[in-house]
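Welcome, and please open your viewer.

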Amino acid sequence: MLCASHEAKLRVIGDRPDAVALIEAVGHALSHAAGMAFRQGPVLAGLDALLTYLRLEQAFSLIELARVLHLDTKNHLIKDEVISRGTIDEAAIHVREVIRRAVELHSAAIILVHNHPSGDPTPSRSDIELTRRIARAGQPLGIALHDHLIVASGGHSSMRTLGLL
């Protein structure tokens, strides 16, 4: 319910905008608290907190959302940016734009994240190919791709853990 759209909440609860507003406020507070937990130190050291935040932010979205977490040389978060809002089965991610933005922000490393509205976090062939292209593009510029995480209602996948990166 916390991750449902405003319209879906109204359908379930009925004409009770005050109740919907309360549920949305709780959702925002939980997301904020989860975000604060992984922002306190190196992002990779707080992987469980990061995954909790990402699940709250986008695992239950009905459309694909792609984001990039930009990290400094000590793996602290510089910026968390949603770079694409897509459709039910794809979000456009352009290698050139990901790397350009990383250069602008002086990122030493990035973590790609997107969701699968289907609920299955298994990486697709195009997910794997895109990940490898971005990793190759960042190498000569000193921009490491630490991971590409896929979050979904059914769990998450890490391309690094799966040996795909």
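What pattern does the chain follow, read along the sequence? The pattern is α-α-α-β-β-α-β-α-β-β, which comes to five helices and five strands. Helices (H or I, at least four residues) and strands (E, at least two) are DSSP runs, numbered from the N terminus.

Before going on, note that this is a predicted model, in which local features need pLDDT of at least 70, side-chain atom pairs count only at pLDDT 80 or more, and totals for chains, interfaces and linings use all residues. Residues are numbered from 1 along each chain as its sequence is written, and side-chain values use heavy atoms, with hydrogens and water left out.

**Stop 1: the whole chain**

Show the surface. The accessible surface comes to about 8,900 Å², and 56% of it belongs to carbon and sulfur atoms; such areas come from the Shrake-Rupley method with a 1.4 Å probe, and for residues only the protein chains shown count as cover. Of the 165 residues in the chain, 42% are buried. Buried means under 20% relative accessible area, exposed over 50%, and partly exposed in between (1.4 Å probe, protein chains only). Among contacts (heavy atoms within 4.5 Å) between residues at least 6 apart in sequence, 62% join residues at least 24 apart.

**Stop 2**

Five of them form an open sheet with mixed pairing, in the order 2-1-3-4-5. At the edges are strand 2 (77-85) and strand 5 (155-158), each pairing on one side only. From one strand to the next, the twist averages 20 degrees. Two strands pair if DSSP finds at least two bridges between them.

Zoom in on strand 3 (residues 109-115) and strand 4 (residues 144-152), which pair in the parallel sense over seven bridges.

**Stop 3: helix 3**

Select residues 47-59, which make up helix 3. How far does helix 3 span between its end C-alpha atoms? Helix 3 spans only 16 Å, whereas a straight helix of 13 residues would span 18 Å at 1.5 Å a residue; the expected span is 1.5 Å times one less than the number of residues. The buried residues of helix 3 are Leu50, Leu51, Tyr53, Leu54, Gln58 and Ala59.

**Stop 4: Ser61**

Continue into the loop between helix 3 and strand 1, where Ser61 lies. Is Ser61 buried or exposed? Ser61 counts as buried, at 17% relative accessibility. A polar atom of the Ser61 side chain lies 2.8 Å from the backbone oxygen of Ile63. Not counting residues up to four places away in sequence, Ser61 touches Asn115 and Pro117.

**Stop 5: His70**

Finish with His70 in strand 1 (residues 65-71). His70 is buried, with a relative accessible area of 1%. Which side chain does His70 join in a polar contact of 2.8 Å? The partner is Ser107. A polar contact is a pair of N or O atoms within 3.5 Å; within protein, one must be able to donate a hydrogen and the other to accept it, and residues adjacent in sequence count only if both atoms are side-chain atoms. Leaving out residues up to four places away in sequence, His70 touches several others, among them His76, Leu77, Arg101 and Ile110.

Terms used:
Axes are lines fitted to C-alpha atoms, for helices over the stretch in contact, and angles run from 0 to 180 degrees between N-to-C directions.
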